[in-house]
Amino acid sequence: MAACSYWTASSSFTLLRHSQTPSFFLRRYPPSLYTHPFSANSHAPPPTCRRRSSFSPARATSLQPNQTQHTMMSESSNHQQQAQICSQSFNGDLDTSVSTSSRIKLEEIIWDHSFVRELPGDTREGGPVRQVLHACYTKVSPSVKVNNPELVSWSESCAELMDLDPHEFESMDFPLLFSGAVPLKGSLPYAQCYGGHQFGFWAGQLGDGRAITLGELINKRKERWELQLKGAGRTPYSRSADGLAVLRSSIREFLCSEAMHFLGIPTTRALCLVTTGNGVIRDMFYDGNPKEEPGAVVCRVAQSFLRIGSFQIHAARTKEDLQIVRTLTDYVIRHHFPHLNHLPATAQADSNVLESEDNGGVSEVMQENNKYLAWFIEVAERTASLIAKWQGVGFTHGVLNTDNMSVLGLTIDYGPFGFLDAFDPKFTPNTTDLPGRRYCFANQPDIGLWNLMQLATTLKEAELISEEESEVGLNRYGEKFMEEYKQLMSRKLGLKEYNRDLINKLLSNMAFDKVDYTNCFRALGNVKSSQDVSDEDLLKPIKGVLLETSKERKKAWIDWMKLYIEQLRNEGLVDEDRKASMDSVNPKYILRNYLCQTAIDAAEQGDYSEVNRLLKVMKNPYSEQPEMEKYVRLPPAWAYRPGVCMLSCSS
């Protein structure tokens, strides 16, 4: 019965009373205001599909290091034909009917490099691991060693952002360019400097320890997109690590980046995934048993990879570095929040804020008088909206440190993430998080606020906002989160109005009976409110998600179903219209961890077909896809072994 106590109407926002659980949100937003949001047979591709390295010098800046031990082959017409066939088998979302006349080649990319041009950089390029002072980045070239790198998969949708011709992925030199073994023409690689709070404690300098940004491209819509290679080698921020990535974690990041996009959740994207052909040593469970795994590099794409920790690191150093906080904030507003750039840049004194409060409309007045406050409020709103969407689809990030939280409101840094299977508000996919479950599913809204408080502290220290102004931004986070959450949960149940009690009781039942989160909400779309049925028949629409239940538990579900149907009737909703609306927000397909593992197991044996099949399925998460029903199944018993349902931060 204990599980039910988590979901009573009087439950606090923070339901799980752990020593490391932030309580800020609870103090700001009492429980009376809020319902807690969860407080086909495949065959290996033919050998001819293995990408061999042959390249055009026009596409690279030079033929420099990092190309060790790869085989150079001539691009005969036969090889070109094989590459084309292979590319289409690799890419699950290629629409060959799409015109590529407006697409560009890699060597035609328009680079801008505003980050390097406009922000202070390290006076030293590359070099050993060290503290990098008074700088936002260090110029560093990829150093990964390759041996016949191969293209595993690529995203046509992401390529469209770059206006990139799909035929570029067919070229034999593509794996060399996107493993980092050969420099891409026009790129200006660097690693970003940032710090962060990890599990609630300041960790000092962190930075891009294995991610190297190639630069920013400007597409034909004048959008700025940053390309970054993750796993491309050591940087001054690598600490004791090797700067490399393994195929296992790279597949997870590649697939989830794209899956989240198609779920409609703001996220960094993934252009492609390549293997390096060399092994990487990893101790996956930190148990003293390291093993060699296949190495890989994923190309991540985002408008910016700036995170809260990008600002924190400078405030944590000398007074002179506080100016970098202002410079960096000006930069991000100029390029990513240009609608705020016309506002004045003056923090209001607390006395002025209090005077404004008496006149009402305080936040609007304050925003108009200080662009830094307006920016902080928008970051808070984007973060609130993002986390509400996570709760809606049952996504748990797993490592919500401040260095893993984007200031653009994007899901960033896919490590030990996980989607809910059996509904458990305490679920964390991160073994490192087990002692306190700081980053468990139910705590994510609280953590979002806690992280924003750290950003507010940084902005206050740089005298960009005042104490009262920071309170306005933090309050706006709670307001925005509840707005988004209430609207989303109402839509998930097909309701016109938010019904707190109804949702509370549903989540309580789901937690008690460990009902699959995704399948349950999808099944509720089949409920008929226009028909009078017996108590026993009331549960038919969700029979498939209710496993063995006692007579007492069946009654609890029947009682809830009666309340639900009564609400539907009172709102006068047409069943068919309601189902269509519910299906548009309740996904049928999510990237469950066991599905990732199935693709990983095959890929480690050289079969990439399941990676591409999963990519194709996740492109249409809200559609029925009758031929893909197996991807809806609950996790098999083997999925609960360590390394599948839960992972460490090691990769």
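Author: Strands here are DSSP runs of E with at least two residues, and helices are runs of H or I with at least four, both numbered from the N terminus. The model is a predicted one.

Reader: What is the phi of Arg437, and where is Arg437 placed?
Author: Most residues other than glycine have a negative phi. Arg437 is a residue other than glycine with a positive value, near 50 degrees. Its place is the loop between β12 (418-419) and α12.

Reader: Is α11 roughly parallel or antiparallel to α12?
Author: Helix α11 spans residues 371-393, and its axis lies 10 Å from that of α12, at an angle of about 165 degrees. Angles over 145 degrees count as roughly antiparallel. Therefore α11 and α12 are roughly antiparallel.

Reader: How many charged residues are in the contact of α11 with α12?
Author: On the α11 side the contact includes Trp375, Phe376 and Trp390, and on the α12 side it includes Leu452, Leu455 and Leu459. By class, the contact of α11 with α12 has 11 nonpolar and 4 polar residues, and the number of charged ones is none.

Reader: How do α12 and α13 run, roughly parallel or antiparallel?
Author: The axes of α12 (residues 444-461) and α13 (residues 467-492) come within 10 Å and cross at roughly 160 degrees. Because of that angle, α12 and α13 are roughly antiparallel.

Reader: Which residues of α13 meet α12, and how many residues of the contact are charged?
Author: From α12 the contact takes Gln444, Pro445, Gly448, Leu449, Leu452, Met453, Ala456 and Lys460; from α13 it takes Glu467, Ser470, Leu474, Tyr477 and Phe481. The contact of α12 with α13 divides into 8 nonpolar and 3 polar residues, and the charged ones number 2.

Reader: Is α6 roughly parallel or antiparallel to α20?
Author: Helix α6 (residues 247-262) and helix α20 (residues 609-618) have axes that come within 9 Å and cross at roughly 15 degrees. Angles under 35 degrees count as roughly parallel. So α6 is roughly parallel to α20.

Reader: Is the crossing of α6 and α20 left-handed or right-handed?
Author: The residues that meet include Phe254 and Phe262 in α6, and Leu614 and Met618 in α20. The contact of α6 with α20 holds 9 nonpolar residues, no polar ones and 1 charged. As for the hand of the crossing of α6 and α20, it is right-handed.

Reader: What is the volume of the largest cavity?
Author: Among the residues that line the largest cavity are Thr383, Trp390, His397, Asn404 and Ile412. By class, its lining has 6 nonpolar, 6 polar and no charged residues. The volume of the largest cavity is about 50 Å³.

How values were computed. Residues are numbered from 1 along each chain as its sequence is written. This is a predicted model: local features need pLDDT of at least 70, side-chain atom pairs count only at pLDDT 80 or more; totals for chains, interfaces and linings use all residues. Side-chain values use heavy atoms; hydrogens and water are left out. Axes are lines fitted to C-alpha atoms, for helices over the stretch in contact, and angles run from 0 to 180 degrees between N-to-C directions. Angles under 35 degrees count as roughly parallel, over 145 as roughly antiparallel, 65 to 115 as roughly perpendicular and the rest as oblique. Contact means heavy atoms within 4.5 Å. Ala, Val, Leu, Ile, Met, Phe, Trp, Tyr, Cys and Pro count as nonpolar, Asp, Glu, Lys and Arg as charged, and the others, Gly among them, as polar. On a 1 Å grid over the protein atoms alone, a cavity is a set of points where a 1.4 Å probe fits but cannot get out, and a pocket is an open set with protein on both sides within 12 Å along at least five of seven lines; lining residues have an atom within 4 Å of a point. Grid points are joined across faces, edges and corners, and a volume is the space filled by probe spheres set on the points. A crossing is left-handed if the near helix is turned anticlockwise from the far one by less than a right angle, and right-handed if clockwise.
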